[in-house]
Each structure stands twice: as structure tokens, then as C-alpha cells.
Amino acid sequence: MIQIPAVSVSVKPLFGVLVVSLSVLLAISVLAPRSIFSQTSFSSLSREGFDIWSVRRMVEWRPCKWWLQGHLTALPEKSNGYIRIDCYGGLNQMRRDLCDGVGIARLLNATLVMPKFEVAAYWNESSGFADVFDVDYFIQQMTGFVRVAKELPPEFASKEPFPVDCSKRKGQFDYLESVLPFLLKHHYISITPAMSQRRDRYPEYAKAALCQGCYSALRLTKSLEKKAAELLLAIPKPFLALHLRFEPDMVAYSQCEYSGLSPSSIEAIEAARGDKKPWTGDLAKIWRRRGKCPLTPRETAFILKALRIPTDTHIYLAAGDGIMEIEGLTSVYTNVVTKSVLLSGEDFKSMHGNTKAALDYYVSINSDAYMATYFGNMDKMVAAMRAFNGFYKTLFLSRRAFSELIYKGLRGKRLMRALWEAHRDDFVMGIGSALPDCFCEFKL
């Protein structure tokens, strides 16, 4: 036992010292900057008994009956000509264009030619439609919805189609007014669908063709589906598929700035910026509050914790190899796997962008749960296909809610609670789980 020597002290001075010491400590604790990622804020909320998937939904989106069970309008006896859909970008952007193209072909009473997937060095891509999707299955599934030609007749086989530029048109683009005259004149045209379209003028048979082409007729080639099934089998179950977007080009395009990134990440972002300089001052704050800035892996981990996703959850990262700051996620969620780790054979190494993206797409559709940090082309397609298959554990992490709550000064547990409430409300109402073109709201 330690012996304390008897000393004579004045009580009043000692009391004063204690008061001053406590005041200093209190001032430090109040004035010190508080990180939203503090250890106290990462205390698990799972003790409250349930995660986000346990919340009872009030709304689900299911395939509309008029499409699946409706009576098909007979195709006209004669086609107005042939139309080829030229698709650009990554796999999911091209798939979106193809979906639109099927509806356009039916609208114009055209025969659909096998789409052209444009070779793009930017996407490390050289595979075409037939390298990714089963052509014969596509033609079979579209029977009665739209005419599809595997090969052109001799009078067109050696000719290039007449190009009709639709992609950069602004406003509500109308194909009957702007494209049909070219089809009737040239009989073989190519288009890239416009971003903004007058689908309100689509008759039901054209909408049905679009829905059938998008959600029932596109199946991976047998070899690619086999590889995707192998990947799915290799992932520990149950698992969450997470589509995380924090690549240099993605961040550069967003025109957002971040603090606390590693020097290598900053260098990669600056190299990708080009003429897209980041917003500054009040404009930067407005931009971020509107949810325009991609979530970092660390922010993503924080939101997953707020949604009470256990840290030992098996997570399949549906993304490429260029994700920056990934340690921000894997330091919290340690059971994270990628396709490049699970598939290391020579056949995988020889794959290009589209075929690799197809693996992520297949796994994401068939995962036990799916989350995304962005609402892009892949996320919209995956969510819709999951709804089509009756899988409803699907959620988009809200960049806007996260930024708005941070702007309001919320930190730690208060921030976690607010993030839980915002995402709970989205999940309950099925927000983002399917697009209304082919899916109808079903109240539970």
C-alpha cells in the first residue's frame, strides 16, 4: 500500500486549483473539433434489436399487370424499315439505351437490328452485344412485342445505316415527329436514344415492348452466366452487395472537394479533373447540400453503422479496382470481398469492362441485400430487376440527407439517429426501388 505523508494544506487554495482544472478540461472538451467519425459515434446501434431490413415496408413496386398479363397488340403486317441502336458508355448505360431502343422500334413499327456496342478505350472495352447477352434468347423473348432481325437482308447488309442524331437533343424528344420521316425515307437508320423522351405519347404496346426487352429478354451468354454463378457461389452467405462509387473520374466529374484524403487520391483526382474545376465558397456548400458529392468509403461505413448493419457482415464490393480510400470501409467492415479476389483465373484476367460489369450486375441482382452510394444506370437496373424477382432488400444511401444533416451540425449518435430515420422512411415507402415505366406501386 502506498503511504501518503501527512501534509498541511490550505483547503481554499486547493479548491480553487480544482475548479480551474475542471474549467480547463471542460473548455477543451467543448471547443475541440468533433469528428463525425469519432469512436463514440461508432458505438453499435444494433443493440436496439433490428437493422434496416427488419422495418416493415408499406409500399412495394411490382411489374405492372398490363405488361406481364396484358393482351399483345398484333404487329402490323409490314415493317417501316430497320433500326439499329448505337449504344455508348459502360455496360449499364448501353443497356439503358437498348431498353429505350426496343420501345422506339415498336413505336415506329421498325424491325430492330442487333444493337451496336461502341468500342470505348475509356471503359477498357472491346466486347459487343453478343459477347455479353444471349442473342437467340433475346429474339425469342421479343416475339410478338417487336420484330428483331439477327441479320440484315442483302440490300442492306453491306451498307451503313443513315445516322439520326437524337442523343443531344434538348427538351422532350418526340420520335414520331423527328425520326419516323427518316426511317420511311432511308429504310435503314441508326440512333442513340435521347436522354429526355415523350414516353407519355407511347401507346401501351410500345411500353410493353420496352419493359419486355429490358427485364425479360436480356440474359447473359451461357459462358458468362456460368462464370457469374461461380462468383456468386464463392461469396460467403448471407451477403450484402454494395455498389460503391469513389473513383478518381467520378469525384472529378462531381466537382466536389474533400478534406483528409491521401496524397495519392488527391493526385489521382487532379489528374482526372481536366477542365472541371471544383466548386468553391457558397456554391460548393449548395452543391454538396443538394447531394451532388459522392460518399467516401469512410462516410459509407458510417451510414451502414447508422443503419445497424453489423460490422461482421459479408460484403461484396460491386465495383472496379479504382476505388480510392477503400480502407475507410474495410477498417470498419472487415469481411469485404471483390470479384478480382474471388476469381483469379486467366479467363477472368482476359475479361474487358462490359463482361466484368456483367458479373457485378448478376451478383447484385441475386444478393441477399443490395445497397448503393449512387443512383446511376446500374443501380436503377439492379433495383428494378430485384423488384421484378421479388427481392426487396434494396436501398440507396442518401448523399443529400447525409450532407444536409452535417450542415445542420449533427454529429455522433444524433447524426446516426437522423440518418436511420431518413433511410428508414425511404425503405418503408420503397423509394428508388423501381422505375414507374414498367412497375406499379403496390401498397402492403
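Two strands pair if DSSP finds at least two bridges between them. Strands here are DSSP runs (E) of at least two residues, and helices are runs (H or I) of at least four, numbered from the N terminus. The model is predicted, so local features need pLDDT of at least 70 and side-chain atom pairs count only at pLDDT 80 or more, whereas totals for chains, interfaces and linings use all residues. Residues are numbered from 1 along each chain as its sequence is written, and side-chain values use heavy atoms, with hydrogens and water left out.

Strand β1 (residues 59-63) pairs with strand β12 (residues 439-443) in the antiparallel sense, over five bridges. Pro-63 has Phe-439 of β12 as its bridge partner. Four of the five residues of β1 are buried, so the strand is largely enclosed by the rest of the structure. Buried means under 20% relative accessible area, exposed over 50%, and partly exposed in between (1.4 Å probe, protein chains only).

Met-142 is also buried, at a relative accessible area of 0%. This residue sits in the loop between α5 (135-141) and β4 (148-149). Its contacts beyond four places in sequence are Val-102, Val-148, Ala-209, Gln-212, Gly-213 and Ala-217. Contact means heavy atoms within 4.5 Å. The C-alpha atoms of Met-142 and Gly-213 are separated by 6.6 Å, although the two residues are 71 apart along the chain.

Helices α3 (residues 91-107) and α18 (residues 353-365) also meet. Their axes come within 9 Å and cross at roughly 80°. Leu-91, Asn-92, Met-94 and Arg-95 of α3 contact Asn-354, Ala-357, Ala-358 and Tyr-361 of α18.

How values were computed:
Axes are lines fitted to C-alpha atoms, for helices over the stretch in contact, and angles run from 0 to 180 degrees between N-to-C directions.
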